[in-house]
Amino acid sequence: MPKPTNPIINLQNVSVTFQSNDHPLTAVDKVNLQINKGDIYGIIGYSGAGKSTLVRTINLLQKPTSGTVTVSDRQLQQLTNAELRTARKKIGMIFQHFNLLNSRTVLNNVEYPLLSQSISKPARQKKAKRLLNLVGLSEFEKSYPEQLSGGQKQRVAIARSLANDPDILVSDEATSALDPKTTNDILKLLKHLNDNLGLTIVLITHEMQVIKSVCQHVAVMDQGKIIERGSVADVFSNPRQPLTQNFVDSSANVPEALAQIKADESLQNLAANERLLFLKFRGGATRQSLISDLTASYKLKANILFGNIERIGSTSIGYLIIILSGESKRLADGITFLNRNGVQVQLIPTGKKGADKNVEATVS
Amino acid sequence: MLKQLFPNVVHIWPQFIQSIWETLYMTFWSSIVAGILGLAVGIILVITQSGGIAEDQYVYSLTDKIVNLLRSIPFIILLAVMFPITNFIVHTTVGTTAALVPLVVGIFPFYARQVQNALLEIDPQVIEAARSMGSSIPEIIFRIYLREGLPDLIRASIVTVISLIGLTTMAGAIGSGGLGDIAISIGYARFENDVTIAAMLVILIMVFLVQIVGDWLARKTVHL
């Protein structure tokens, strides 16, 4: 095992309590969070979960009520104001509403973070132009933010956040105000920056799709606490918390499909040798030809009613709703075979009673 | 023509021209001084208020109370009350220069409030973005507040200068000179209505000019 390096972001026991009308509100509740260099770390939760407050402690825009914030091996709360400002320059931040300076041109916006540096004007402009080129907005340098679309504004904001060559980029719902296609483009850009600049990205969102498309790790937040965390594939393919399950389900359209199938009259009276099954499989299982094995080795027929494969990071999660038909002994064996290969099998109850005991026993 | 419409104005022509200059003098200098003072106080109010970039409830509430107090004093009374202080600052209590002190004291709290309101229009998230980029308090004041708020600050300044022109005429009551002074001491006292009307017309022209120039400047600073 390689020697573990210190995480670039290390939040220890961080709590943030707001004093509102004499009853305190705990927005972040004793959170421990370690993020490694080069990671794209997603924090997902519904609004009010405290994720925005949590990420604001990373650059001390929000001072924690208790706990320590360590970024790049420096404990931020121990820094002087001037040192903290220097530290903040290495933590870029982008926002849902872009927060550009409307009185300045696109180029001047990107130059802004460099104004306080000892850098000549030509050098500053050269750098700003290079960053605009990186985000694909070279031709807009003389425009004003109000003349740009949402996606373009976010690109300017990204270029601006990179002006001080940060190690970390914090994205606070940066795609939430954008349409799906633009969201995708922005996420691709973030991924590109992660790959090419080694930028560590902390991304908060309420959209599962965002986490799935770029994040390596994810933390699920609810009521100020991280309730579940790990690699994106682990967390979402095997959710332990109902809230996490909630995010996955709605993302994979599974609940809709199940509801439709259950409502389908023609499926209510299956023959004695037919079973309506919901299969869920992940990782390696998606690469095996399980269905054709079922057919070939167990002489079962599988009629696929619904299928969906979700790619989460480098892992795939497959969902199938099938009618499996065959001899009852073979049905039981087939289901055991599926279980053994890491497929979760759920029997969907149909109208007909008296299902085979063997089959009932094998499915969980 | 001018002689028929404004016989008495023509009669006191050099004095009338002199009054215009006095009004401009008072307006200009009190705008400059009250402008700087009001801007500073307005900025203090914005940055020290709760949630501001240099939050300080004591400084805020003290400044806020002083501004409210000064704004509550009717200007005509302020003119009289300010006598000793004026004497101390400019060593005279009569004339145009003496009027500058009460004019500044009378107008700067008004301007401070206008500045405060203008700066509060700036999206707090933009300020937060600047903080996230490591901007210091002076950088945020000069590069964000004063720059992003410029169109609103210009509009606030127009309103203030126009009010100030009004106040300079009131300062005529303590012998400050200017158009207000001759409108009262000559036009009103001697029943020479044409002098009063001429003074009013010149004041109106000044107000329109300030409004036109100000609107043009404000439009130039908005980038849509």
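In which sense do strand 3 (residues 40-44) of chain A and strand 8 of chain A pair, and over how many bridges?

Tutor: This is a predicted model, so read everything below as a computed picture. Strand 3 of chain A and strand 8 of chain A pair in the parallel sense, over five bridges. One of the pairs can be named. A:Tyr41 has A:Val202 as its bridge partner in strand 8 of chain A.

Strand 8 of chain A also pairs with strand 7 (residues 168-172) of chain A. These two run parallel as well, joined by five bridges. Here A:Ile168 has A:Thr200 as its bridge partner in strand 8 of chain A.

Now look at burial. Strand 8 of chain A spans residues 200-205, and six of its six residues are buried, so the strand is largely enclosed by the rest of the structure. Take the faces in turn. One side carries A:Thr200, A:Val202 and A:Ile204. The other carries A:Ile201, A:Leu203 and A:Thr205. Both faces are covered.

For strand 5 of chain A, strand 4 (residues 66-71) of chain A pairs with it in the antiparallel sense, over two bridges. Within that pairing, A:Thr70 has A:Gln75 as its bridge partner.

Step back to the whole chain. Chain A has 13 helices and 14 strands. Its C-alpha atoms fill a box of roughly 80 × 50 × 50 Å along the principal axes. Of its 364 residues, 41% are buried. Among contacts in chain A with a separation of 6 or more, 67% join residues 24 or more positions apart.

An unreviewed UniProt entry carries the annotation "domain: ABC transporter" over residues 9-248 of chain A. That span is 35% helix and 28% strand, and its end C-alpha atoms lie 27 Å apart.

How far can the prediction be trusted? Chain A averages a pLDDT of 88, and 92% of the residues score at least 70. One stretch needs care. Over residues 353-358 of chain A, pLDDT stays under 50. The model has six contacts beyond four places in sequence for that stretch.

Chain A also meets chain B. The contact takes 19 residues from chain B and 19 residues from chain A. On the chain B side, helix 8 (124-132) and helix 9 (137-148) each supply at least two residues. Helix 8 of chain B gives the largest share, six residues. By type, the chain B side divides into six nonpolar, six polar and seven charged residues.

B:Ile44 is found in helix 3 (residues 13-48) of chain B. B:Ile44 is buried, with 22 other C-beta atoms within 10 Å. Not counting residues up to four places away in sequence, B:Ile44 touches B:Val59 and B:Thr63.

Conventions
Residues are numbered from 1 along each chain as its sequence is written. Chains are lettered from A and ligands numbered from 1 in the order in which they are written. This is a predicted model: local features need pLDDT of at least 70, side-chain atom pairs count only at pLDDT 80 or more; totals for chains, interfaces and linings use all residues. Two strands pair if DSSP finds at least two bridges between them. Helices (H or I, at least four residues) and strands (E, at least two) are DSSP runs, numbered from the N terminus. Two residues are in contact if their C-beta atoms, placed from the backbone, lie within 7 Å. Ala, Val, Leu, Ile, Met, Phe, Trp, Tyr, Cys and Pro count as nonpolar, Asp, Glu, Lys and Arg as charged, and the others, Gly among them, as polar. A residue is buried if 20 or more other C-beta atoms lie within 10 Å of its own, exposed if 12 or fewer, and partly exposed in between; C-beta atoms are placed from the backbone. UniProt positions are given in the numbering used here, feature names are shortened, and annotations may be inferred rather than shown by experiment. pLDDT is the predictor's confidence in each residue, from 0 to 100.
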